[in-house]
Amino acid sequence: MFSEDDFETIAHETGSDDLLSEDDLRLPEGANVLVRVHAVRAWLTRRRQDADLAIGQVALALQMLMQDEPESSRPRRRRVQQTDPYTRVLELQQELQAAQDHLQAYTEAEELFEDYLTHTTSSDRVLVEYYLAIENLCLELTEAPQEAEGSQAIRQQVFEEVLHRLERVTAPETD
């Protein structure tokens with residue numbers, strides 16, 4: 001059996017985070033549960049950081065477009081071929097909303113994982129119970145009325161990605 005101190009120790013190790021957060025990671029059948037937990041944590045952290053970066057990139061593009069707006073009164077051949085600035089602003093605003101929805105869903109998944117790490121007494125069961133919780137959230141989203149269609153679809157997609165990740169790190173590697 002592992003203690004809570006084992007989880008705390010693995011939280012402070014950062015050397016292997018890049019390797020463990022790879023999307024195509026497959027762990028061998030005999031991999032320690034702490035390595036599997038760390039792989040899930042590292043992947044969730046990387047996905048959240050990627051979503052945060054996407055927000056910054058879209059916000060920067062939106063800011064640059066807003067600053068270029070006064071110049072758009074001067075005709076240029078290059079500008080004639082581009083889309084209408086207002087249409088581009090709307091597209092960027094939609095991209096920004098989608099990126100924020102991704103960030104929110106990954107943050108939710110990450111916080112739920114940390115809750116399971118904190119409250120599950122057996123380290124062998126933490127990944128199973130977390131998987132079941134995420135699977136339950138996916139079912140709830142499937143059965144819920146589509147109020148905020150885009151946000152719910154993104155949450156559904158993120159939770160399905162989390163399920164896929166859990167399957168990858170818990171299933172034994174096959175030759």
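Predicted model: local features only at pLDDT ≥ 70, side-chain atom pairs only at ≥ 80, totals over all residues.
Student: What makes up the chain, helices or strands?
Tutor: Helices: there are seven of them and zero strands. Read from the N terminus on, the order is α-α-α-α-α-α-α.

Student: Why is His-164 called partly exposed?
Tutor: Its relative accessible area is 45%. Buried would need under 20% and exposed over 50%, so 45% lands in between and His-164 gets the partly exposed label.

Student: Where does His-164 sit?
Tutor: In helix α7, which covers residues 149-170.

Student: How do you know that the length of helix α5 agrees with what it should span?
Tutor: Take its 35 residues, 85-119. The expected span is 1.5 Å times one less than the number of residues, which gives 51 Å. The end C-alpha atoms are 51 Å apart, so the two agree.

Student: Which residues of α5 are buried?
Tutor: Among them are Val-89, Leu-92, Leu-96, Tyr-106, Phe-113 and Leu-117. Asp-101 and Glu-110 are on the buried list too.

Student: How much of the chain counts as buried?
Tutor: 34% of its 175 residues. As for the accessible surface, it totals about 11,000 Å², and carbon and sulfur atoms hold 51% of that.

Student: What share of the contacts comes from residues 24 or more positions apart?
Tutor: 71%, taken over contacts with a separation of 6 or more.

Methods:
Residues numbered from 1 in each chain as written. Heavy atoms only, no water. Helix = DSSP H or I, 4+ residues; strand = E, 2+ residues; numbered from the N terminus. Buried < 20%, exposed > 50% of the residue type's maximum accessible area, 1.4 Å probe, protein only. Contact = heavy atoms within 4.5 Å. Areas by Shrake-Rupley, 256 points an atom, 1.4 Å probe, with all protein chains shown as cover.
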